[in-house]
Each structure stands twice: as structure tokens, then as C-alpha cells.
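Please brief me on this protein model. Keep it short and group the points by topic.

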Amino acid sequence: MYIKDGICYAGTLAEGIKVTAVKPLRGGMMLVTFSTGEKRLFDTTQLKGSAFAPLARDEVFQHPTIFHGVITWQNGAIDIAPETVYRMSYAYDDVAI
């Protein structure tokens, strides 16, 4: 199930999803908005490998940018596919908080 333009669709999210907004939170967490309109929480501490090691530093983590629907850091030196972010994230209910 996924939501696009306020409509809930059955099935799985189509490839080609993009990130439209990202907000760094505490502890490596990010609030990510997708092209479907859905907001999800993503934990960057799940990312393994030396390419993602700089994200442990707050001065890097706190400054993401979106480039063609992809979250990047350090002028594109670090990036992660939006499909991966979606798959590794979980639903965010802003009404409950």
C-alpha cells in the first residue's frame, strides 16, 4: 500500500520514487518526504560501509541536499537511492506526535 496525492493505492510502490524533502533529526534519524506525498522516518545509522562513515559526524549529517530526488551529502560525495531509503524506512504519523 502507498499514498500518492492523498489517495491510498494497493500494491507496492513503483520504481522511480523520489525524495522531495528531508529533515535531519537527532541520533541519525531523518524525516523524509517522497514524491508519493508519504512521510517516513529513516535511520541513517543502518547504513554500513566506509562510504557512509562521515554521516556519524553531526556537521555532515545535518546538511543533506536533494539532487534529482536523491539525498546527498558533501556535494554528492555521499548519496543513497530513494528506493533504498523508502525500503529501509517506516511510516511516520505526524498526528500522533
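How many nonpolar, polar and charged residues are in the lining of the largest pocket? The lining has seven nonpolar, six polar and three charged residues. This is a predicted model.

**Largest pocket**
- The largest pocket holds about 200 Å³ of space.
- Its lining consists of 16 residues.
- Gly28, Thr44, Thr45, Leu55 and Ala56 lie nearest the pocket centre.
- On the general principle, a probe the size of a water molecule, rolled over the atoms, shows where empty space is left.

**Four-stranded sheet**
- Four strands form an open sheet in the order β3-β4-β5-β9. The pairing is antiparallel.
- β3 (19-24) and β9 (90-91) are the edge strands, and each pairs on one side only.
- Five bridges link β4 with strand β5 (residues 39-43), in the antiparallel sense.
- Within this pairing, valine 32 stands opposite arginine 40 in β5.

**Leucine 31**
- Strand β4 (residues 29-34) contains leucine 31.
- Is leucine 31 buried or exposed? Its relative accessible area is 15%. The cut-off for buried is under 20%, so leucine 31 is buried.
- Leucine 31 touches Ala21, Val22, Lys23, Leu25, Lys39, Arg40, Leu41 and Tyr92, leaving aside residues up to four places away in sequence.

**Three-stranded sheet**
- A further open sheet has three strands, in the order β6-β7-β8, with antiparallel pairing.
- Its edge strands are β6 (65-67) and β8 (78-80); each pairs on one side only.
- From one strand to the next, the twist averages 35°.
- β7 and β8 run antiparallel and are joined by three bridges.
- In general, strands of a sheet pair through backbone hydrogen bonds, either parallel or antiparallel.

**Threonine 72**
- Threonine 72 sits in strand β7 (residues 70-73).
- Which residue does threonine 72 stand opposite in β8? The residue is aspartate 79.
- Threonine 72 also touches Asp79, along with His63, Pro64, Thr65, Phe67 and Ile78. Residues up to four places away in sequence are not counted here.
- Why does threonine 72 count as buried? Its relative accessibility is 5%, and buried means under 20%.

Technical notes:
Residues are numbered from 1 along each chain as its sequence is written. This is a predicted model: local features need pLDDT of at least 70, side-chain atom pairs count only at pLDDT 80 or more; totals for chains, interfaces and linings use all residues. Side-chain values use heavy atoms; hydrogens and water are left out. Helices (H or I, at least four residues) and strands (E, at least two) are DSSP runs, numbered from the N terminus. Buried means under 20% relative accessible area, exposed over 50%, partly exposed in between (1.4 Å probe, protein chains only). Contact means heavy atoms within 4.5 Å. Two strands pair if DSSP finds at least two bridges between them. On a 1 Å grid over the protein atoms alone, a cavity is a set of points where a 1.4 Å probe fits but cannot get out, and a pocket is an open set with protein on both sides within 12 Å along at least five of seven lines; lining residues have an atom within 4 Å of a point. Grid points are joined across faces, edges and corners, and a volume is the space filled by probe spheres set on the points. Ala, Val, Leu, Ile, Met, Phe, Trp, Tyr, Cys and Pro count as nonpolar, Asp, Glu, Lys and Arg as charged, and the others, Gly among them, as polar. Axes are lines fitted to C-alpha atoms, for helices over the stretch in contact, and angles run from 0 to 180 degrees between N-to-C directions.
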